[in-house]
Amino acid sequence: MPQTGLTTPAGSKAKVEALFDSLALEYVREREQQFSFVSQKRIVMELLRSHRGRLLEVGCGPGVMLPDLLAMGFEVHGIDVSAEMIRRAEQRMASHALASRCRLGVGDVERLRYSDASFDAVLSMGVLEYLPDYAIALREISRVLKPGGHAVLTVPNQASAYHLARSGYLTCRRVLGASRGSGVASPRLPWALDRALASAGLRKADSRACNFIFFPLKELHERASEALNRALTPLSGWAFAPFLGAQYIVKAQKTVWASAPYG
Ligand SMILES: C[S@@+](CC[C@H](N)C(=O)[O-])C[C@H]1O[C@@H](n2cnc3c(N)ncnc32)[C@H](O)[C@@H]1O
């Protein structure tokens, strides 16, 4: 198919695939133990609570959300760019009682292999920050959603105290020659994501922030950082939370048709 949009260059995507192939086992062992993930998951489930039908999880990793999504009554399709993540997700689901309502496969959020308007909900946790430009991914998510369907997306929050302080520190190190390059993930500004959602035909319906961590406390004293995070978590719906929570969670509803990025 000829492409008209600017998808992520193959080299960057291959780097992300290799990174997550190598991290798959760690995700299986640790993801559900991390308070940062548990608090994010709680909010995501709350935002999806009133919805049913077919749900697509893009970047499903080793499938930590799948059992809960199935238990909520969704028919779930999970895709991930990492074949190793999908293999782990398949292992998790192999003996699950609701496995017949779950389909898994390797896939790219920028080229979804689904027809227009085929899902009632799309979930994407921690994926958009791995794309240099998330506009195509948002249009694809919008395209596969039925009109009136909902997307719930999470990204690291560039405007949070943690990411501002950490990126300032890393920039200083680079300027002083103490480190080279940057990581493969880029935190995003909540209001820029909200605007991009609107351009993709997705109207913001709700948002939260979570993961109240601070630099360099998190790096220096993980246990103290987690205790503070737990104590501040009840603030996640407050107006100032987007400046403190290192993770931004947004729910948006498809209002109009978005045409495919390539034809
Ligand atoms: C930070 S992990 C999060 C995994 C899972 N959503 C979770 O919260 O446990 C990001 C996941 O997104 C996947 N991913 C990155 N880029 C992707 C893309 N273009 N299409 C689909 N999945 C992608 C990675 O392979 C990885 O499994």
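**Entry 1: arginine 203**

I began with arginine 203 and found that, leaving aside its neighbours within four places in sequence, arginine 203 is in contact with Ala198, Ala252, Gln253 and Thr255, where two residues are in contact if their C-beta atoms, placed from the backbone, lie within 7 Å. I note that this is a predicted model, in which local features need pLDDT of at least 70 and side-chain atom pairs count only at pLDDT 80 or more, while totals for chains, interfaces and linings use all residues. Residues are numbered from 1 along each chain as its sequence is written.

Arginine 203 is found in strand β6; I take helices (H or I, at least four residues) and strands (E, at least two) as DSSP runs, numbered from the N terminus.

**Entry 2**

I traced an open sheet of seven strands, in the order β3-β2-β1-β4-β5-β7-β6 and with mixed pairing; two strands pair if DSSP finds at least two bridges between them. The edge strands are β3 and β6, each of which pairs on one side only. Neighbouring strands of this sheet are turned against each other by 15° on average, direction ignored. Strands of a sheet pair through backbone hydrogen bonds, either parallel or antiparallel.

I went through several of the pairs in turn. β1 (residues 54-58) and β2 (residues 75-80) run parallel and are joined by five bridges, and valine 58 has isoleucine 79 in β2 as its bridge partner. Of the five residues of β1, four are buried, and I wrote the strand down as mostly covered. β4 and β5 (residues 145-156) pair in the parallel sense over six bridges, with alanine 121 standing opposite histidine 150 in β5.

The pairs made by β7 came next. β5 and β7 pair in the antiparallel sense over seven bridges, and proline 156 has glutamine 247 of β7 as its bridge partner. Why is strand β7 (residues 247-254) largely enclosed by the rest of the structure? I record that it is so because seven of its eight residues are buried.

**Entry 3: helices α1 and α4**

I looked at how α1 and α4 (residues 83-93) pack, and found an angle of about 30° with the axes 7 Å apart; axes are lines fitted to C-alpha atoms, for helices over the stretch in contact, and angles run from 0 to 180 degrees between N-to-C directions. The two helices, α1 and α4, are therefore roughly parallel to each other, a term used for angles under 35 degrees, with over 145 counting as roughly antiparallel, 65 to 115 as roughly perpendicular and the rest as oblique. On the α1 side the contact is made by Phe20, Asp21, Ala24 and Val28, and on the α4 side by Ala83, Glu84, Met85 and Arg88. I sorted the residues of this contact into five nonpolar, no polar and three charged; Ala, Val, Leu, Ile, Met, Phe, Trp, Tyr, Cys and Pro count as nonpolar, Asp, Glu, Lys and Arg as charged, and the others, Gly among them, as polar.

**Entry 4: the ligand shell**

I found that 20 residues surround the ligand, the closest being Phe20, Gly59, Gly61, Ser82 and Gly126; a residue is near a molecule or strand if its C-beta atom, placed from the backbone, lies within 6 Å of it. Helix α1 (residues 10-30) gives the most to this shell, with three residues. The shell divides into twelve nonpolar, four polar and four charged residues.

**Entry 5: backbone details**

I checked the peptide bond from phenylalanine 215 to proline 216, which is cis, with omega near 5°; proline 216 sits in the loop between β6 (202-210) and α8 (217-220). Asparagine 211 lies in the loop between β6 and α8 and has a positive phi of about 65° although it is not a glycine. Asparagine 211 is buried, with 26 other C-beta atoms within 10 Å.

Alanine 117, likewise not a glycine, has a positive phi of about 55° and belongs to the loop between β3 (102-106) and β4 (119-125). Alanine 117 is partly exposed, with 15 other C-beta atoms within 10 Å.

Methods: Buried ≥ 20, exposed ≤ 12 C-beta atoms within 10 Å, placed from the backbone.
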